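Please study the sequence and the structure shown below. The paragraphs that follow begin with a single residue and then proceed to the elements around it.

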Amino acid sequence: GMGGMGVLDRLQLPDGSMRHPVLVLTARARMAEYFADKQVDGFIAKPCDPEDLAMEVSRIIFQRGAAAPGEPPPAFPLVLLGEPDPSRRADIVRALRDSACEVRDFADGAELLEAAVMQPPAAILMRLEMEGQSADVVVGMLQKMPRTRDVPVIVYGIDAPDARIEHV
């Protein structure tokens, strides 16, 4: 239900660059200048020769420094989110995904801690007070383990009425 322009808008980062390599293939040859401003990797007008298309795709892959055959493509940074409120959690997940992050969300601090140990993330974002384990307990345990001691943790909700900040 989304057109090509909508897809480009979704892929565009705040700095104007694209999250993924983008090759525009369109029958609107006159729009090349418009797409130049969108920082796409390539533009081909239809109809096009399949060999030209394959060459352009190869050029983009080479320029982007894609992984060697058999290697997985680079992943988005993984962020673990701990937020007990479902509505707030959904809003934060949406914002993080819009910022090109892979997000795993948890309502419980103990589950978040277990996930961090199993697959250390790029960062953890969590509310100070959570069910299962509060942020001070989670951070303390993460700092004791070699795999997770360097994972940055952002704690929020300190001004919440139920917050106990004596251990933070």
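Where is the place of V24? In this predicted model, V24 belongs to strand β1.

Strand β1 covers residues 23–26 and runs parallel to β2, to which it is joined by 4 bridges. Within this pairing, V24 stands opposite F43, and L23 has G42 as its bridge partner. The pairing also brings a further distance into view: V24 and G42 are 18 residues apart in sequence, and their C-alpha atoms are 6.1 Å apart in space. Strand β2, which comprises residues 42–45, likewise has two faces. G42 and I44 form its covered face, while F43 and A45 form the uncovered one.

Attention may now turn to another group of strands. How many strands does the open sheet with the order β4-β3-β5-β6 have? It has 4 strands, and their pairing is parallel. Strands β4 (102–106) and β6 (153–156) stand at the edges; each has a single partner strand, so one side of each is left without a neighbour in the sheet. From one strand to the next, the twist averages 15 degrees. One of the pairings in this sheet can be followed in detail. Strand β3, residues 78–82, pairs with β4 in the parallel sense over 5 bridges. In this pairing, L78 is found opposite E102 of β4.

Helices lie across these strands. Helix α5, made of residues 109–118, lies across β3, β4 and β5 (123–127). The direction of α5 is at about 165 degrees to that of β3. Helix α6, residues 135–144, lies across β5 and β6, and α6 runs at about 155 degrees to β5.

The two helices may also be considered together. Two packed helices are described by the angle between their axes and by the distance between those axes. What are these values for α5 and α6? The axes of α5 and α6 come within 10 Å and cross at roughly 20 degrees. Because angles under 35 degrees count as roughly parallel, α5 is roughly parallel to α6. The crossing in which α5 passes α6 is right-handed. Which residues meet at this contact? From α5 there are G109, L112, L113 and A116, and they meet V138, M141 and L142 of α6. By class, the residues of the contact of α5 with α6 comprise 6 nonpolar, 1 polar and no charged.

It remains to view the protein as a whole. Its secondary structure comes to 6 helices and 6 strands. Read along the sequence, these elements follow the pattern α-β-α-β-α-β-α-β-α-β-α-β. Finally, among the contacts with a separation of 6 or more, 54% are accounted for by residues 24 or more positions apart.

Definitions and conventions
Residues are numbered from 1 along each chain as its sequence is written. This is a predicted model: local features need pLDDT of at least 70, side-chain atom pairs count only at pLDDT 80 or more; totals for chains, interfaces and linings use all residues. Side-chain values use heavy atoms; hydrogens and water are left out. Two strands pair if DSSP finds at least two bridges between them. Axes are lines fitted to C-alpha atoms, for helices over the stretch in contact, and angles run from 0 to 180 degrees between N-to-C directions. Contact means heavy atoms within 4.5 Å. Buried means under 20% relative accessible area, exposed over 50%, partly exposed in between (1.4 Å probe, protein chains only). Angles under 35 degrees count as roughly parallel, over 145 as roughly antiparallel, 65 to 115 as roughly perpendicular and the rest as oblique. A crossing is left-handed if the near helix is turned anticlockwise from the far one by less than a right angle, and right-handed if clockwise. Ala, Val, Leu, Ile, Met, Phe, Trp, Tyr, Cys and Pro count as nonpolar, Asp, Glu, Lys and Arg as charged, and the others, Gly among them, as polar.
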